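I opened the model to look up a few sites and wrote down what I found. The entries follow in the order in which I made them.

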Amino acid sequence: MKKSLSLAVLIGLFIITIGQVKSQKIEPIPVKKFYMDRVTKNLQFLCKEAECFDNVLVNDRGLYIYPTSQKVNKPEFILYWREMPHFNEMLEKQTDEEIIDILNRKGSHYFYGVKDTHVNPAIYPVSEWRGLKIALDPGHIASTFDEAKLEQRYVRAEGKYFNQKQDIEFFEANLAYTTALVLKEMLEKKGAKVMLTHDYGKSAFGMNYNEWKKTDYKKDIVQGYKEDWYNREKFEYLMSGEAPDFMIFHDVFRNKDFVARGQKINEFEPDLTLVIHYNASEGGQRYGDLYLPPVNENYSMVFIPGSFLGVEIDGQDGLDQRFELLRLLVSHDLEGSDVFASNIIKALNDDLKVDALPKDNNFDFAKRYSILSDRSEGVYHRNLYLTRVVEGPIAYSEALYQDNKTEMPLLGKKDLTVKGIKTSSRVKDVAQVYFSAIQDWLKYNQELSKQLDALYSDDFGDEKEFKEDIKEQEEDLEDKDGN
Ligand SMILES: [Zn+2]
């Protein structure tokens with residue numbers, strides 16, 4: 001009796017084990033379906049307006065990006081589904097200019113040698129600490145309170161709100177930079193390689209504002225005009241010598257700094273990029289000696305790529321942006337960003353009890369320029385300079401409200417020194433949040449890698465069939481072009 005019972009238990013266990021193995025088995029996915037699903041999904045978060053959607057065509061063969069409305073012009077970039085693994089491989093190895101050139105030359109044909117060159121159906125995201133390359137971009141530049149005032153990123157609060165005589169003073173560039181330093185050390189202990197985009201108090205091109213003003217900075221004003229940072233009228237005012245420092249700072253120096261940050265990050269070729277900012281309530285009006293009133297709310301938000309406007313995508317000037325759109329449609333960058341950003345929101349909530357910005361909080365930026373992620377509240381697709389030009393997954397984080405009544409006295413403490421920089425120990429809590437978010441991102445990538453194992457690219461069929469297929473498609477397109 002006892003014996004047969006244990007046998008039954010054993011058999012039962014055996015069946016359960018088989019059942020588990022079976023449920024873990026992942027069905028094979030053809031490459032075409034995989035990329036069609038990815039592109040179709042990504043497109044919903046990459047275009048904010050109809051004037052962007054009409055530059056993109058997705059059909060049974062592949063993806064077509066048009067320089068203007070698809071009804072008028074020929075496609076500028078064509079990628080067939082079977083070419084997408086090759087395109088992703090090119091993104092890893094070649095510059096944007098080289099890839100744009102290759103796409104131009106191939107036109108409606110397949111990539112040269114696409115059939116004979118083996119590439120993996122998808123690039124596997126990095127899932128280990130060892131060798132993980134992370135770019136940290138601490139927001140803003142200031143290293144003194146005066147510089148922070150020029151940057152317009154500082155907090156000053158009256159002591160009376162906190163039952164103290166002394167006013168509270170701190171600034172975002174200090175908090176962001178020391179958060180990055182603390183986080184860098186934590187990541188390096190795990191075996192990651194970490195790059196910071198700038199030195200403390202310096203722009204990403206190595207100078208602070210006053211140093212830059214001593215150089216031949218007017219050539220940068222001219223360059224900025226060529227880059228479309230401002231119109232003719234403003235350009236002339238900036239050149240006149242009468243423009244105030246805050247204007248020259250914001251319109252020229254800061255934009256030059258953004259460009260240098262983007263370049264530095266892309267040269268480093270990181271697996272993951274984190275832009276570190278601290279948030280503040282919208283519309284907090286400064287009063288008296290530029291004091292900020294404490295607020296009760298405390299929210300975070302994180303920006304990720306996407307939400308292109310029609311005006312950004314259309315026309316001759318939009319080529320660079322259209323290429324970034326193509327990259328974000330086909331690569332893993334968008335999903336990787338969304339997962340990372342959602343992890344940050346979750347960790348801020350779990351560890352610091354700071355909520356995501358509620359979605360019914362209809363801020364102007366959210367309505368006009370952003371698309372809410374479908375993965376997490378507080379995560380917004382937004383076409384900022386850095387979320388667009390940085391290649392690879394990126395999260396642009398705005399953690400907690402600096403003007404929140406509980407945060408203000410915490411952030412105003414000078415109870416921590418990091419590499420000689422005095423700051424608040426609150427930055428350690430925030431660094432820990434980012435560390436957890438990166439750890440969870442690696443875990444997600446491990447799971448994703450298992451799914452990618454199920455991808456198969458042998459739907460090329462035999463050689464003859466493949467060649468006929470290509471021929472047919474090309475003839476078809478030429479017909480269409482001829483019309
Ligand atoms: Zn900021």
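I listed the contacts of Asn298 (heavy atoms within 4.5 Å). Leaving aside its neighbours within four places in sequence, Asn298 touches Val354, Asp355, Leu400, Tyr401, Asn404 and Glu407. I note here that the model is predicted, that local features need pLDDT of at least 70 and side-chain atom pairs pLDDT 80 or more, while totals for chains, interfaces and linings use all residues. Residues are numbered from 1 along each chain as its sequence is written, and side-chain values use heavy atoms, with hydrogens and water left out.

I then looked for polar contacts, meaning pairs of N or O atoms within 3.5 Å; within protein, one must be able to donate a hydrogen and the other to accept it, and residues adjacent in sequence count only if both atoms are side-chain atoms. The side chain of Asn298 reaches the backbone nitrogen of Tyr401 at 2.7 Å. With the side chain of Glu407, the Asn298 side chain makes a polar contact of 3.0 Å.

Where does Asn298 lie? I place Asn298 in the loop between E9 and strand E10 (299–304); strands (E, at least two residues) and helices (H or I, at least four) are DSSP runs numbered from the N terminus.

I took as donors the N, O and S atoms within 2.8 Å of the metal (3.2 Å for Na, K and Ca); water is not among the atoms, so sites may look incomplete. The protein donors of the zinc ion are His140 (NE2), Glu172 (OE), Glu172 (OE) and His277 (ND1), at 2.1 to 2.8 Å. Glu172 in helix H7 (residues 172–189) and His277 in strand E9 (residues 272–279) are 105 residues apart, a pair that links distant parts of the chain. I find Glu172 buried at 3% relative accessible area, and His277 buried at 6%.

Entry three, a sheet. I traced an open sheet of three strands in the order E2-E3-E4, with antiparallel pairing; strands pair if DSSP finds at least two bridges between them. Strand E2 (56–58) and strand E4 (77–80) are the edges, each pairing on one side only. Strand E3 (residues 62–65) is joined to E4 by four bridges. Opposite Leu63 I find Leu79 in E4.

Methods. Buried < 20%, exposed > 50% of the residue type's maximum accessible area, 1.4 Å probe, protein only.
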